[in-house]
Structures are given as C-alpha cells and as structure tokens.
Amino acid sequence: MDISRRKLLVGIGGLSLGAAVGAVQPRQANAASEGGEEGVAVAVNDALEGAYGRHLGKRRNHTKGFGTTGYFVGTKEAAQLSRSALFGGDRIEVIGRFSIAGGDPSASDSERSPRGMGLEFRLKNGALHHITMIHTPMFFARTPSTFLDKFLALAKDVHTEKADPSKFTAFMKQHPDNSAQFHFLETNNPPASYANCAFYGIHTFRFFDHAEKMTNVRFRFMPEDGERSLTDAQLAQERRDFLEAAFRDRVKQGPVRWEMIVTIGEPGDPENDPTVLWPAGRREIKAGTLTLTSYAPDEAAGAYKINFDPMQMADGIGPTDDPILRFRSSSYAISHSRRQTEV
C-alpha cells in the first residue's frame, strides 16, 4: 500500500513510546528513556531528521515558511483580565512567521497538514512575549510520547527512502488523541491564503490581573479578510507553491489584520489537554488586533533566527501544567540550537 506524504501528515500516531524507542537509533532510545522531558525533546528532533532529512540551518519542524512584521494593539476589556503590557493599548512591534508543519522545506502548499503562525511581541519595557499557533482548533498529542511516536512512525527506511505504512497504521490505532485533529484536516480543505486563515493557540493559558486574580483562557486569531479554503478543484491541482506569493501580493494591497478572540474558561474545562476543545457557549472578548504590513523571504526575515518559544511570556500571562506546552519549549530550544550552529 502506497501512502503519500500528504496522507501521512494528516494523522498522528504509530507505536507506543516504549515500542517505538526500541526501533530507533541508540542515541534516540537513550535520550528518550534516560533524559526525561529534555531527552524526549532530543529524540523528537532526531526523529524529525529521520523523517525529513537534515536541512542545515533550518528549523526541524515547520521548516517551510516566510517572515512578516507588523504591530498589535490590545483592548481595555482584555486589560481587565490581564495586567500584561500586551493589553495596555500601546502599539506593540511584532515579528512573525508563517509556516507549514513538518520538516520538508519543499512541502506542498496544498497538503492537508497544519499551517502555523509564530509571533514575537516586543513590549516597550523590553520584555518579549511569544505566541505560536496552528490553523487547527486542537492539537494531535496529549503527551510528549505521542509527539515522538508520530515522527518515529514517519521515519524513512534507509533502503527505500520511504516511510513504512504499517508503522503509521499502528500509530493511528494506538493514539486516539490524534483523532480530532485528523478529522478536522480530513474534512476541511487547506487555506487558500494565510490572510484567509484562522489560527488557534490550542493550549490553555492563565491571565493574571493586578490583584493576582487568575482566569483560564484560550484564544484564536480571526482574519479580517474572512476565512477561505481551497476549493476541491484547486486542491486537485496540488499546487506546491502559492502561499508565499499570495501573502506577498496581499500585503502590497494594504495591511492584513486578525482579531484576537479570547475565550473565558469555566470550572471543569480541561486545562492540560490541547486535543480536547472547550464546550461551546463560553464567554468571549476581543483582546486586540494584529496588523501585519510586510513580507520577507525566510532567510531574509527578522523571524529567521527567532526561537518562537511558547513559554516565553510577559508578566500577566502564565502557563498551565499542560505537558505538551512545556515540552514544546524544550523541543524548540534544541531545534534552535542545532540550526544556529549550522549557519
């Protein structure tokens, strides 16, 4: 059975961590079994290289992308929930990057895989705040072991230079936490443009006001241009490169904007599982407007050397105990360190 890379990227899964580690290179096995969270992060970066090859000086995941710049202005309503300078009403400089999930620098822009947006907010007090999002409302992994297992299942055989479909099938069966994102990607065509794409923070975060009152929130960025997906006819063409040119042309026409919508959590809403959505009907507020005004090719962009660490947070915003959120930080750091030494 021939499973295309596009199909493989839709789902997640393969082997359990214990079974998978036994099938990988010794460096990965030792790192995953003995190094704790950091060890799994090392193993994930090794597995990404095994699945997509090692592309010197480039990110191990979300490899294909480009840069942008602009600014963000928060709202008074958000400032009531968080004392963060992000919501102080000032015009805050933003450095951003759009990307496609996976480690293939020549990935097709038509494939059914997550799209990403990373943002660095440069606050006037010198602090930095990072937001990293994807275009699916949920993530594919509840735990770091699922994250690792996905890329082990996608590893290419040294002889055939293709992934083993049986490993990926096993992953799909053994990791039900991937099912919600799998269904979303299968039933929603990819975005026609980044300017027509909503992006989701996927994790739960904590807002703190000046009295230290805590509020659990989730957020999304909704495009002012409206959401628009590829038609079935466009998808059938399987065009490889159009997203970068589409954004470049759009930003020449004028600023591109997204509204930041914050959803307020209620008792019992899951805090530490990004694969599960909150119930509908929760209170929502507009927390700010993101305006992007430029485009730059990846290596020429200000975002090129930025590690968009989702745990880089300004005062007034904090993480939950979500193991995926914390794992992403260590995994990104290893990817960043590797590519910086290769430049």
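The exercises below work through a predicted model, with a solution after each task.

Residues are numbered from 1 along each chain as its sequence is written. In this predicted model local features need pLDDT of at least 70 and side-chain atom pairs count only at pLDDT 80 or more, while totals for chains, interfaces and linings use all residues, and side-chain values use heavy atoms, with hydrogens and water left out.

**Exercise 1. The whole protein**

Task: State how many helices and strands the protein has, what share of its residues is buried, and what share of its contacts joins residues 24 or more positions apart.

Solution.
- Step 1. The protein has 11 helices and 11 strands. Helices (H or I, at least four residues) and strands (E, at least two) are DSSP runs, numbered from the N terminus.
- Step 2. Of its 343 residues, 56% count as buried. Buried means under 20% relative accessible area, exposed over 50%, and partly exposed in between, with a 1.4 Å probe and protein chains only.
- Step 3. Among contacts with a separation of 6 or more, 77% are between residues 24 or more positions apart. Contact means heavy atoms within 4.5 Å.

**Exercise 2. Helices H6 and H7**

Task: Describe how H6 and H7 are arranged, and which residues meet between them.

Solution.
- Step 1. Two packed helices are described by the angle between their axes and the distance between the axes.
- Step 2. The axes of H6 (residues 144–153) and H7 (residues 165–174) come within 8 Å and cross at roughly 155°. That makes H6 roughly antiparallel to H7. Axes are lines fitted to C-alpha atoms, for helices over the stretch in contact, and angles run from 0 to 180 degrees between N-to-C directions. Angles under 35 degrees count as roughly parallel, over 145 as roughly antiparallel, 65 to 115 as roughly perpendicular and the rest as oblique.
- Step 3. The crossing of H6 and H7 is left-handed, a term for a near helix turned anticlockwise from the far one by less than a right angle, with clockwise being right-handed.
- Step 4. On the H6 side, Thr146, Asp149, Lys150 and Ala153 meet Lys167, Phe168 and Phe171 of H7. The residues of this contact divide into 3 nonpolar, 1 polar and 3 charged. Here Ala, Val, Leu, Ile, Met, Phe, Trp, Tyr, Cys and Pro count as nonpolar, Asp, Glu, Lys and Arg as charged, and the others, Gly among them, as polar.
- Step 5. Within H6, 9 of the 10 residues are buried, so H6 is largely enclosed by the rest of the structure. The buried residues include Pro144, Phe147 and Leu152.

**Exercise 3. Aromatic pairs**

Task: Classify the ring pair of Phe140 and Phe147 and that of Phe219 and Phe221.

Solution.
- Step 1. A pair of aromatic rings is described by the distance of the centres and the angle of the planes.
- Step 2. Rings of Phe, Tyr and Trp (its six-membered ring) pair if their centres lie within 6.5 Å; planes under 30 degrees apart count as stacked, over 60 as edge-to-face and the rest as tilted. By this rule the count comes to 19 aromatic pairs.
- Step 3. Phe140 and Phe147 lie 5.3 Å centre to centre with 35° between the planes, a tilted pair. Phe140 is buried at a relative accessible area of 5%, and Phe147 is buried at 7%.
- Step 4. The ring centres of Phe219 and Phe221 are 6.2 Å apart and their planes stand at 75°, so this pair is edge-to-face. Both Phe219 and Phe221 are buried.
- Step 5. One aromatic cluster is formed by Phe66, Phe98, Tyr194, Phe199, Phe247, Trp258 and Tyr295.

**Exercise 4. Surroundings of Phe219**

Task: Where is Phe219 found, and which residues is Phe219 in contact with?

Solution.
- Step 1. Phe219 is in strand S7 (residues 214–223), and its relative accessibility is 10%.
- Step 2. Leaving aside neighbours within four places in sequence, the contacts of Phe219 include Ile131, Met133, Tyr200 and Val262.
- Step 3. Pro137 is 82 residues from Phe219 in sequence, with 9.7 Å between the C-alpha atoms.

**Exercise 5. Loop residues**

Task: Is Ile202 buried or exposed, and where does Arg283 lie?

Solution.
- Step 1. Ile202 is in the loop between strand S5 (199–200) and strand S6 (205–208). Its phi is near 60°, a positive value in a residue other than glycine. Ile202 is buried, at 5% relative accessible area.
- Step 2. Arg283 lies in the loop between strand S8 (256–264) and strand S9 (284–292). Arg283 is partly exposed, at 45%.
- Step 3. Arg283 and Ile264 are 19 residues apart in sequence and 5.5 Å apart, C-alpha to C-alpha.
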